[in-house]
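Please brief me on how the two chains of this model meet. Keep it short and sort it by topic.

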Amino acid sequence: MSLLAFCEWLAATSGSIALHESLYMYPLIESVHVLALCIFVGLATILDLRLLNKVLRNVPVSQVADRLLPWTITGFVVMVMTGSLLFYAIPIRTYQSVWFRGKVIMLILAGINVWIFHSGIYQRVSGWDMAGRTPAAARRAALASLLLWFGIIVAGRFIAYNWFDCDIQPQSKFVNWFAGCIVPPAQ
Amino acid sequence: MLLPYFQWLEQFWLGRFIVESNWLFPVIESVHLIALAVLGGTVVIVDMRLLGLGLKHRSVSEVAREARPWMILAVTVMIATGLPLFLSEPIKCYYSPAFWVKMWTLAAALLYTFTIRTRVTRSERVQNTARQFLVGALSIALWFTVAAAGRWIGFS
């Protein structure tokens, strides 16, 4: 089963239709998505700024990370749950959205960035916990994190706009390829 | 009563300029959202501390002092982007209950943050008090209402 076929199947389920047509559930889920964003990206930004030596410089990096990470993870879990429901409500159009696909790519990159940071320079945090200047690898990870999450916010917001939707043709070759549009040949 | 003013604002060039562009509204909106995330972080980290969570090993005053410049920056960007968004659709906002909820809670949240909450966060002690807890809880409730009502403007 292709991913598109899966999305078509998903769109036909009663739960998806109910969510799509509901007057209050969809906006409610989207509001929770935004509130969780404040907590998740907000606290991630604080840690990134700490790694860039821009805030809480008298607090050890590991203390900021240890005390905030459980909340950051909680915020992320709520984001994924509400985000999945938003996808579930509008599966086909979202799957074929260039913005959604860009967002997924950036999410994967953000995940890789976290993994590199935690398995790399952060393993040796005891050596630079209170250093006046954090190591370059930590600063690089923080900058990448800020750029990726801000990019993810922008891409997420732009999913709502239909400029590049498959059912609005003609689109450029790139858009049709990147969005996976199935375009009937011109008459 | 305010309707004539909102109608007058609808003519303003900046709003017209945004309406005539396809891209400007979502672009400004995206910056508004990024600033919201930063504002969320800077508010929540202090409120969590007031609730005895997060950076609870540091004094309230230290966390608040560190967060403050970033919070002020985020609020400034929010207002600087929120104003043009409003100017692009003043009449829609006028008839949107969510808009008025947001404006009143925003005024309350700003006033509260820069008066009562600032005074309470000056405490140098690491121990928590019931008063701090209440101040933190009210702050979170106010700002979350502002954010949720703001999102709701778009649904009407």
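The briefing below covers the fold of chain A, then the interface with chain B.

This is a predicted model: local features need pLDDT of at least 70, side-chain atom pairs count only at pLDDT 80 or more, and totals for chains, interfaces and linings use all residues. Residues are numbered from 1 along each chain as its sequence is written, while chains are lettered from A and ligands numbered from 1 in the order in which they are written.

**Chain A**
- Chain A has 8 helices and 0 strands. Helices (H or I, at least four residues) and strands (E, at least two) are DSSP runs, numbered from the N terminus.
- The C-alpha trace of chain A spans about 65 × 35 × 30 Å along its principal axes.
- Of the 187 residues in chain A, 29% are buried (20 or more other C-beta atoms within 10 Å of the residue's own, with C-beta atoms placed from the backbone).
- Among contacts in chain A with a separation of 6 or more, 78% join residues 24 or more positions apart. A contact means that the C-beta atoms of two residues, placed from the backbone, lie within 7 Å.

**Interface, chain A side**
- 26 residues of chain A are in contact with 24 residues of chain B.
- α3 (25-51), α4 (61-89) and α7 (136-158) of chain A each give two or more residues to this side.
- α3(A) gives the largest share, 13 residues.
- By class, the side of chain A that touches chain B has 19 nonpolar, 4 polar and 3 charged residues. Ala, Val, Leu, Ile, Met, Phe, Trp, Tyr, Cys and Pro count as nonpolar, Asp, Glu, Lys and Arg as charged, and the others, Gly among them, as polar.

**α3(A) against α7(B)**
- The axes of α3(A) and helix α7 (residues 130-153) of chain B come within 9 Å and cross at roughly 135 degrees. Axes are lines fitted to C-alpha atoms, for helices over the stretch in contact, and angles run from 0 to 180 degrees between N-to-C directions.
- A:P27, A:E30, A:S31, A:V34, A:L35 and A:C38 in α3(A) meet B:F144, B:A147, B:A148, B:R151 and B:W152 in α7(B).
- The residues of this contact divide into 8 nonpolar, 1 polar and 2 charged.

**α7(A) against α3(B)**
- The axes of α7(A) and helix α3 (residues 24-50) of chain B come within 9 Å, crossing at roughly 135 degrees.
- On α7(A), the contact uses A:F150, A:I153, A:V154, A:R157 and A:F158. On α3(B), B:P26, B:E29, B:S30, B:L33, B:I34 and B:A37 take part.
- By class, the contact of α7(A) with α3(B) has 8 nonpolar, 1 polar and 2 charged residues.

Note on methods: A residue is buried if 20 or more other C-beta atoms lie within 10 Å of its own, exposed if 12 or fewer, and partly exposed in between; C-beta atoms are placed from the backbone.
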